[in-house]
Amino acid sequence: MISYPSRHCTVELQALPSRIGQVRRIVSAQLRYWHLDALIDRASLGVTELLSNVHRHAQPDKTCTVEIELLLDRLTVSVRDHDPRMPVVDDAEPLATCGRGLAMVAAMSESWGVRPDGESGKVVWFTLPTSSAAVAAPSRRARRTVLEKPVRRFAEVGHTADGLRPEHAPARSAVAG
């Protein structure tokens, strides 16, 4: 017995940096509408990584289609582009600034994959569980060991002898989007 019908949302776009943020907001709004707020962060991260790959690698153009589909206990997010080349998951060098996107998608999703789409394209997809138990309980790989002593969340800033200028503190960044 199906408890509710399938739900589907499609967005067509040019995978440009300015559009990626817009699609992330559309995905977030759609998940709120479906009452799947607990999946917003992971779905937004995944769609951002897949669209970034289209922006960086897809040829001949950056046109793509994002689809999110809710079926029973699973949310599927997919990105279809016009480049038939399949992505390759490589081990990124420790100081590399890119090359970890698909590994992140694999780590935060239930499953993921890529399939050819005709002769001139592909679909890269990932799934997230929607059951309340799977959403509420983090997966084993996401659990962290509890440390016995508290960890400082922010760097402490010391003051110089004159008391006017703070000593150097590491920079922090918070990007909303």
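Let's start with helix H2. H2 lies across S1, S2, S3 and S5, and runs at about 170° to S5. Axes here are lines fitted to C-alpha atoms, for helices over the stretch in contact, and angles run from 0 to 180 degrees between N-to-C directions. Helices (H or I, at least four residues) and strands (E, at least two) are DSSP runs, numbered from the N terminus.

A word on the source. This is a predicted model, where local features need pLDDT of at least 70, side-chain atom pairs count only at pLDDT 80 or more, and totals for chains, interfaces and linings use all residues. Residues are numbered from 1 along each chain as its sequence is written, and side-chain values use heavy atoms, with hydrogens and water left out.

Now the overall layout. The protein chain has four helices and five strands. From the N terminus on, the order is β-α-α-β-β-α-β-β-α.

Next, the sheet. The five strands form an open sheet in the order S1-S2-S3-S5-S4, with antiparallel pairing. Two strands pair if DSSP finds at least two bridges between them. S1 and S4 are the edge strands, and each pairs on one side only. From one strand to the next, the twist averages 15°. S3 and S5 pair in the antiparallel sense, over eight bridges. Take Leu75: its bridge partner in S5 is Leu128. H1 also packs on the sheet and touches S1, S2 and S3. The direction of H1 makes about 170° with that of S1.

Buried means under 20% relative accessible area (1.4 Å probe, protein chains only).

Look at Leu51. Leaving out residues up to four places away in sequence, Leu51 touches Leu13, Ala15, Ile20, Val23, Cys64, Val66 and Val79. Contact means heavy atoms within 4.5 Å.

Last, H3. Which residues of H3 are buried? Gly101, Leu102, Val105 and Met108. They sit on the same side of H3, because they cover an arc of only 135° around the axis. That arc is taken from the directions from the helix axis to the C-beta atoms. Their cover includes H2, strand S4 (111-116) and S5.

Key. Buried means under 20% relative accessible area, exposed over 50%, partly exposed in between (1.4 Å probe, protein chains only).
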